[in-house]
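Please look over the sequence and the structure first.

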There are 4 protein chains.
Amino acid sequence: MARTLRVGMIGYRFMGRAHSNAWRQAPKFFPLKAHVEMHTICGRNAAGVQAARAQLGWQNASTDWREVIESPLIDIVDINTPNDSHCEIAVAAAQNGKHVLCEKPLALSVKQAQAMFNAAQKSKVVHMVCHNYRRIPAIALAKKLITEGALGQIYHYHARYAQDWIVDPDFPLNWRLQKNVSGSGAHGDINTHIIDLGRYLVGEFKQVCGLMHTFITERPLTETPGKAQALVAKTPRKTGKVNVDDTSLFIGCFENGAIANLEATRFALGRKNHIDLEINGSKGSLAFDFEDMNRLKFFDNTNLADRQGFRDILVTQPNGIQPYVGQWWPPGHILGYEHTFVHTVADFVNACIDRKPIHPTFEDGLKNQRVLEAVEESAKSGKWVKV
Amino acid sequence: MARTLRVGMIGYRFMGRAHSNAWRQAPKFFPLKAHVEMHTICGRNAAGVQAARAQLGWQNASTDWREVIESPLIDIVDINTPNDSHCEIAVAAAQNGKHVLCEKPLALSVKQAQAMFNAAQKSKVVHMVCHNYRRIPAIALAKKLITEGALGQIYHYHARYAQDWIVDPDFPLNWRLQKNVSGSGAHGDINTHIIDLGRYLVGEFKQVCGLMHTFITERPLTETPGKAQALVAKTPRKTGKVNVDDTSLFIGCFENGAIANLEATRFALGRKNHIDLEINGSKGSLAFDFEDMNRLKFFDNTNLADRQGFRDILVTQPNGIQPYVGQWWPPGHILGYEHTFVHTVADFVNACIDRKPIHPTFEDGLKNQRVLEAVEESAKSGKWVKV
Amino acid sequence: MARTLRVGMIGYRFMGRAHSNAWRQAPKFFPLKAHVEMHTICGRNAAGVQAARAQLGWQNASTDWREVIESPLIDIVDINTPNDSHCEIAVAAAQNGKHVLCEKPLALSVKQAQAMFNAAQKSKVVHMVCHNYRRIPAIALAKKLITEGALGQIYHYHARYAQDWIVDPDFPLNWRLQKNVSGSGAHGDINTHIIDLGRYLVGEFKQVCGLMHTFITERPLTETPGKAQALVAKTPRKTGKVNVDDTSLFIGCFENGAIANLEATRFALGRKNHIDLEINGSKGSLAFDFEDMNRLKFFDNTNLADRQGFRDILVTQPNGIQPYVGQWWPPGHILGYEHTFVHTVADFVNACIDRKPIHPTFEDGLKNQRVLEAVEESAKSGKWVKV
Amino acid sequence: MARTLRVGMIGYRFMGRAHSNAWRQAPKFFPLKAHVEMHTICGRNAAGVQAARAQLGWQNASTDWREVIESPLIDIVDINTPNDSHCEIAVAAAQNGKHVLCEKPLALSVKQAQAMFNAAQKSKVVHMVCHNYRRIPAIALAKKLITEGALGQIYHYHARYAQDWIVDPDFPLNWRLQKNVSGSGAHGDINTHIIDLGRYLVGEFKQVCGLMHTFITERPLTETPGKAQALVAKTPRKTGKVNVDDTSLFIGCFENGAIANLEATRFALGRKNHIDLEINGSKGSLAFDFEDMNRLKFFDNTNLADRQGFRDILVTQPNGIQPYVGQWWPPGHILGYEHTFVHTVADFVNACIDRKPIHPTFEDGLKNQRVLEAVEESAKSGKWVKV
């Protein structure tokens, strides 16, 4: 472990906290090929970023992302800003020879995503988009089972990502509800996750037909954009137009003939962060619920006929048996949301040392963006669209 | 209970067995307004129908359905034949002044369904299509909760009906896989059920965009059509073209603005008769799984914030509290599939005496058919279709 | 099917309704070796028994059980009376050469149970105690798996039978709460069921140490004993002493070394008719919940290490594959509480023709009673008691 | 946050890793009243403790626990050693004026536990036994609901802690299976947890009657005691006597009249770290499963009768609404096993600054030990024992 990798992280809110934790925890639990230094945290608000530096465990703070990506001390740039700045930062970072880890969705458009992928390839840096759900141990196990052929030919990919955090009409118009900053609503925020899982577990999408809808089209303004959960007074106040989707759903098919049905919504009361995912093949089926993320359900049609049933696999067995989870605790001791980031960062660090591609790459992010854009186009035109 | 109603039942296979049981059981458990006589069972095969008569408890057997529907002794005609004969029998029965209970889907086409509804209306008979799932106690409770406003404005109707009985490529080409007899595959057989539940619980469909697909297009022929589960020799044998859908799915919206996502498939290994249904509104959500049909999940957003969660309602409380179920056993003693037919028949019998419409009427069947046909048209044209 | 068996049923309330249904349904769904005639129903109240006769489908009614058991027309006596009369009726019926099916618990005491078993043996009649849960398809499948060795050596039998119907202190003092009629409370009513399942699935109990407790010791009197669910006025009223247990639990061991933990209670709010049962062996485990009685959970330790988990077996596969259930409906179409009685009656009828013992016999009832009595003795003495 | 607290941690294996993580994470996620320094890690093996120091993030390493507890630099001593050394270390630490956090079970005997509590009281240090499950958010919420009266009078406490890690007869005789080091088997290791939860949620135990059993009495020896999971060659090898329990169960009652049923086992195949816990009261019930530790099931009998059911509360709402969990991630983003230690450490640190008792104190550990010992005595004598 001769090498040291110094990280500069841009953005320090929800994702910044999750990534900081991952940079801090990965070396404690995983055998990394490099020593990691949490070098600089960066954000626009000087006081905010200083507080975050102290709280999250970074050595330095900066208010200028260009300074960070240009610094010769920095090896890795980790981008956690709102979606509209991903492209500019990532391209510049890559051009400066930094390895880049970027939050999802990769960009606001296919054009941006393509630029990012091009820049990363040209600079020969290691690039990764943070679709952290690939490294939920249950999903990694799903991938293993599918790769081994346990499902046979895949017929169905059915996924629903459901949340409920904006059902309240008084929830304010934060940046995630403004198209110029976020690109889209549920679509780019959470549909992108189940699109990525579909690409990872099943294959490439071929064509799609989608529907995007906004249930509540006017919301109170927040004085301070970015304070997502801010409460505002109940007195007369200004409102603004919601110009992103509250729900986005589409049907379609994969190149390999499997049928796709994906739905993302922020209007499903009681579903906090629910992914209901099912894959059916000619030999077996898999089911997964993100709110019970330590479990994978597996139906094996080769079992004796009198005792077939979905197996409820508690994915907590030692490494070598089940992926990632054995680095943590003994069997039956479950993991949480944040661990997926630790696994992502651990794999990314090792890839940076090996200088090998690590999935999901910016190319994955680009392909994801193509699906996102195809669905948007379809929702607008009312027609099927080839991806 | 002065009156007696005499029933003539056409068709004696799977549905004939289920309906016979309902005619037998309804008077034992429900306070009917008429005495019911299981008068005549009818089928094309003389030996078969005689055996069925004895086994299922009918007084007489016939091989000629016209004889049955014309008999002055018969008050009610109950149609359980394959879908291609529903229309002819039902129209004739109505014209002969018989009350008609008809299996779903009502017909092969909107045109047929319209003719059936017209005939029933003209004759002023009581007419009902056997969408028995409306009378699952949990579904009846769902209807009650929605009617009372417990869900508020409805945003989402998400339903998947999944089975696996033809995943095996050696499963033979029975009547349900032949378009001229069945009209369609998973679409008219099971999508029709969740379309009906959507219309019952949410409202009328406005427009749809669908996809229908056949995974296995060639199957061994069965020598004896109708023997659905027959095993055939593994030696070289004749095969035939499957010309119905293995899966049918569609997205769309309801008149009231709710978003729809429905999927029916016979290719989901491990799902035997699974309906995964979720309805999300502005005040609460409901979820239901047909394989656990004694339960309804209810999320009530008006609960105290620290103790909100989907309630797992075991729908077995006494009548007056929860619908239907209290006629059977004490709380906690669950019901099965066949009970839904008993509830249907009980309500139908009383409606025949009252001469009042009883849902789902042939008009419901007709509207269902319009949705089915709109989805088929959309799947063919690749365009959105207004219902 | 040359023979006809004529049934005389004593008692017509809850169990009488369930048994009547079984006698009615068994011939419709199972290939019986005899024709069954529902000959005479018998109860003390003339008007009540006449109404029950008409409602439940019996040919004749009687108010004198001696008349029934002495009638040369009767082949089978089915006893559904309160527990204090089981012994007298069963002994007399056996002495008159009738086959006897008797509700559980077999008797009020070991002494009574022994007398019943002796009488049945001496008369060489077929005798069966109605522990109907043995014929829940999931339990029958559990028995099959255990017999085949799928669990290996059994270590644990852990079962809890929980209800909540008397948590309300205003629930009246019905016959089930009066020791002279019922013998005991939760103990003989529901603990007996999980004792029987333990004996069926694991083996004979060796020694036990128990605890029985009454939470609410005084309750309003019902004017009409037997009207279990009667509502009584809220005005000042007479109360009486509850002299049976509200809960009964014990730990112990089986002859074969397995450890037992059984608990029965009527004071578990939200549990309507809940049996939470788990069996752990050296090769696998089984779990079962009576409120989801169509499912059996099976953990198979011989599965590949990366994909082990409790399998959720929906026990609805065709006969020959899974027991009983295939006589009813296709896979995925679930059964309910009442079906267990149909299965019991069907097996009993065939055994009467074959004149062969059919489990659970009166000897099983006697052994069950020995466990019940050992627990009662232990609860009284505060000591371990050998069964 | 003027103060700094310096921690010395004794023992660095499983619990040492979990505690190190807690010391590292607590300041990042919780507003602590002191700055925490991970000052010294201590263990008997010099190489081992040095490696652990580097991996787990401690400043110094020591092989002499006396040095640590005597060091004027150390404020807090955190004891994670095998059970046989808890007493000596804790007493010495307290006598040296250190605040003490000690792993469970507190001691090998009531006598030891009493000595520890006495020493801590005399020195007026803050003392806590690490029953970390009290700070599972779902358990903390259960405590809140019970305290608010949502359950009314409690009737039943039923808990089963089931694991399967020694079902394999080849699993070696590690320290947890040797009485002189561990004190007992499943009893002190995991029964102690559900005893603590019973005391926390329900009240003090009054009397108990127990059973302890060893299924496999001879096991291969491990060369290197302490290497719990070591694999040993399959060739002829030495074996040793297992002198602790594989399972420990007891029935009993609480001072307040509630009935107790507790079972701990390491022989339940498929159960990795399963706690199945249910509490029933006069107004409601709670259920909890440790393998789904982010959920609490709550039955509220005051709900409308037609919609009662166990609520599946995903305990991930913001702080102020639900305890602890809001310090981490947004709703629906679940936590894992290790977080319970972070919550424990955070509360302990603040208590050290406030110099106030923090539950569970050594007195709780002592009372727990009294229950453990009463069960052991009962299992030996076959008699009921007062706690």
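One aromatic cluster is formed by Phe14(A), Tyr133(A), Tyr161(A), Phe290(A), Tyr337(A), Phe341(A), Phe29(D), Phe30(D), Trp328(D) and Trp329(D). The model is a predicted one. Over all chains, a search of the whole structure finds 72 aromatic pairs.

**A ring pair between chains**

- Tyr155(A) and Phe267(B) form an edge-to-face pair, because their ring planes stand at 90 degrees, where over 60 counts as edge-to-face; the ring centres are 4.9 Å apart.
- This pair crosses between chains: Tyr155(A) belongs to strand β7 (residues 154-162) of chain A, and Phe267(B) to the loop between β12 (259-265) and β13 (274-281) of chain B.
- Tyr155(A) has 5% relative accessibility and so counts as buried, the limit being under 20%.
- Phe267(B), at 0% relative accessibility, also counts as buried.

**A ring pair within chain C**

- Phe299(C) is in strand β15 (residues 295-300) and Phe310(C) in strand β16 (residues 310-314), so the pair, 11 residues apart, links distant parts of the chain.
- Both Phe299(C) and Phe310(C) are buried.

**Charges over rings**

- The ring of Phe310(C) has the charged end of Arg271(D) over it, 4.2 Å from the ring centre.
- Arg271(A) lies over the face of Phe310(B), with 4.1 Å to the ring centre.

**The contact of chain B and chain A**

- Chain B contributes 42 residues to the contact, and chain A contributes 42 residues.
- About 3,400 Å² is buried between chain B and chain A, and 61% of this area is on carbon and sulfur atoms.
- Of the area that chain B buries against chain A, 18% comes from Tyr155(B), His156(B) and Leu269(B), more than from any other three residues.
- The interface of chain B and chain A holds 4 salt bridges.
- Glu278(A) and Arg160(B) meet through their side chains in a salt bridge, at 3.1 Å from N to O.
- Between chain B and chain A, 18 residue pairs are in polar contact.
- On the side of chain B that touches chain A, at least two residues each come from elements including β7 (154-162), β8 (205-213), β11 (247-254) and β14 (284-289) of chain B.

Note on methods:
Residues numbered from 1 in each chain as written. Chains lettered and ligands numbered in written order. Predicted model: local features only at pLDDT ≥ 70, side-chain atom pairs only at ≥ 80, totals over all residues. Heavy atoms only, no water. Phe/Tyr/Trp six-rings, centres within 6.5 Å; stacked < 30°, edge-to-face > 60°. Helix = DSSP H or I, 4+ residues; strand = E, 2+ residues; numbered from the N terminus. Buried < 20%, exposed > 50% of the residue type's maximum accessible area, 1.4 Å probe, protein only. Lys NZ or Arg CZ within 6 Å of the ring centre and 35° of its normal. Contact = heavy atoms within 4.5 Å. Buried area = accessible area lost by both parts, 1.4 Å probe. Polar contact = N/O pair within 3.5 Å; in protein donor to acceptor, adjacent residues only side chain to side chain.
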